Amino acid sequence: MRGKLIRLPALCGVLLAAGLGLAGCAPCDTPAATAVLQYLGQAVLPPDTTFAGTVVGGLSGISYDPGRDCYYVISDDRSSQGPARFYTVRLSVSDRGVDDVAISAMIPLLDADGRPFEPPAFDATPPVIPPDPEGIAFDAGRQRLYWSSEGERRTDGPLGALLADPWVRTAGLDGSYLGRFSMPPQLAMSAQPTGPRRNTTLEGLTVTADGRMLFAAMEGPGYDDGPLPDRAHGALTRITAYRLDSDAGPGAPVAQYAYPLEPAAETSGPAGTNGLTDLLALSDIAFLVIERAFSDRPTVRLFRAEIAGATDVLGMPALAGAAVTPMTKTLLADLSTTPGLDPLDNIEGLTLGPRLPDGRQTVVLVSDDNFSPREVTQFVAFAMPAG
């Protein structure tokens, strides 16, 4: 379903008390990487923004379509407040930040039978378990989308365990089902403490610019790969590689790599943790990666990570206690300490945007407000040096 275009004013800074006015902010450098990334500004949607009968929230992934100069932004609504869906969004990104936000379409993601996914009904027979959409990646060469679901794992229900494996599917730009990828065995849900944990599976998704490779990233480690990150220890999570072939269609994974997560932030409290929320392929071996640790003001860090020299762990059922060489990474920016970046919320999506007139490449991020009045939906823009 598509709705009437809605245009929303931009915000660089904080919403005014009424939630309708906007305040500007000047560009400023990120102190952790002054020569690498420059903060340009952001836009924050007014609370309870609606479009085509849906609440615009839970935005967990974003991917730029340069041919149409628009962004595909996926919602992690589990078909409760509307159909599983993505939005087509236009952002006016400049060296002043994000000057304007215009939502132009709401597009339901369809199941293999060509229908929108039904709302959850865990007590039904059989139970209805809709997807938990998280990642989205636009394939410019094939003019299609890839999207991921985290699946479901509930073991304490009155009817027994409710299990749904995570997936990566292919969709048309109209949301139609075009196929699905095979998942490695480490991503199969289990009622036992093995396989993925609930809500820590396929959070990040990216396709290389040449359309040869797709990468799907776990937010955190599965049970077999060790405990979640805490304030004292980091963890290893997995990034799975697929080779895209327009003749053969979606297929099996070809490799998998261990990505090292940072410990949780010191401000996150005793139960705090940290996870990978999205990644962006700069090539078939180099990525931008978001890590986000929960706290009153989330700790959000942007890294450059590389595969070169990392162990292929696709055939390894467990990483805990195993001798592996993980991917390497370098901190580019700590958004939590970036001057002028306020508010900062639950950043979950990442994409390259258009180039600026001076040749610099923009990087655009989006936050997931969890449909909570205490959180915000924001689009944040940085610039990388030309080259």
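Is Tyr-242 buried or exposed? Tyr-242 is buried, since its relative accessible area is 1%, where buried means under 20% relative accessible area, exposed over 50% and partly exposed in between (1.4 Å probe, protein chains only).

## Basis of the report

This is a predicted model, in which local features need pLDDT of at least 70 and side-chain atom pairs count only at pLDDT 80 or more, while totals for chains, interfaces and linings use all residues. Residues are numbered from 1 along each chain as its sequence is written, and side-chain values use heavy atoms, with hydrogens and water left out.

## Aromatic pairs

A pair of aromatic rings is described by the distance of the centres and the angle of the planes. Rings of Phe, Tyr and Trp (its six-membered ring) pair if their centres lie within 6.5 Å; planes under 30 degrees apart count as stacked, over 60 as edge-to-face and the rest as tilted. A search of the whole structure gives 10 aromatic pairs. One of them joins Trp-147 and Trp-167, edge-to-face, at 5.7 Å centre to centre with 90° between the planes. This pair links distant parts of the chain, 20 residues apart: Trp-147 is in strand E11 (residues 144–149) and Trp-167 in strand E14 (residues 167–171). Strands (E, at least two residues) are DSSP runs, numbered from the N terminus. Both Trp-147 and Trp-167 are buried.

Phe-181 and Tyr-242 have ring centres 5.0 Å apart and planes at 70°, so this pair is edge-to-face. Phe-181 lies in the loop between strand E15 (177–180) and strand E16 (202–207), and Tyr-242 lies in strand E18 (residues 235–243), 61 residues apart. Phe-181 counts as buried, at 4% relative accessibility. Elsewhere, Tyr-72, Phe-86 and Phe-138 form one aromatic cluster.

## Charges over rings

A charge sits over a ring if NZ of Lys or CZ of Arg is within 6 Å of the ring centre and within 35 degrees of the ring normal. The ring of Trp-167 has the charged end of Arg-169 over it, 3.6 Å from its centre. Over the face of Phe-303 lies Lys-329, at 4.2 Å from the ring centre.

## The four-stranded sheet

Four strands form an open sheet in the order E16-E17-E18-E19, with antiparallel pairing; two strands pair if DSSP finds at least two bridges between them. E16 and strand E19 (255–261) stand at the edges with a single partner strand each, so one side of each has no neighbour in the sheet. From one strand to the next, the twist averages 25°.

E16 and strand E17 (residues 213–218) run antiparallel and are joined by five bridges. Leu-205 has Ala-216 in E17 as its bridge partner.

Technical notes. Axes fitted to C-alpha atoms, helices over the stretch in contact; angles between N-to-C directions.
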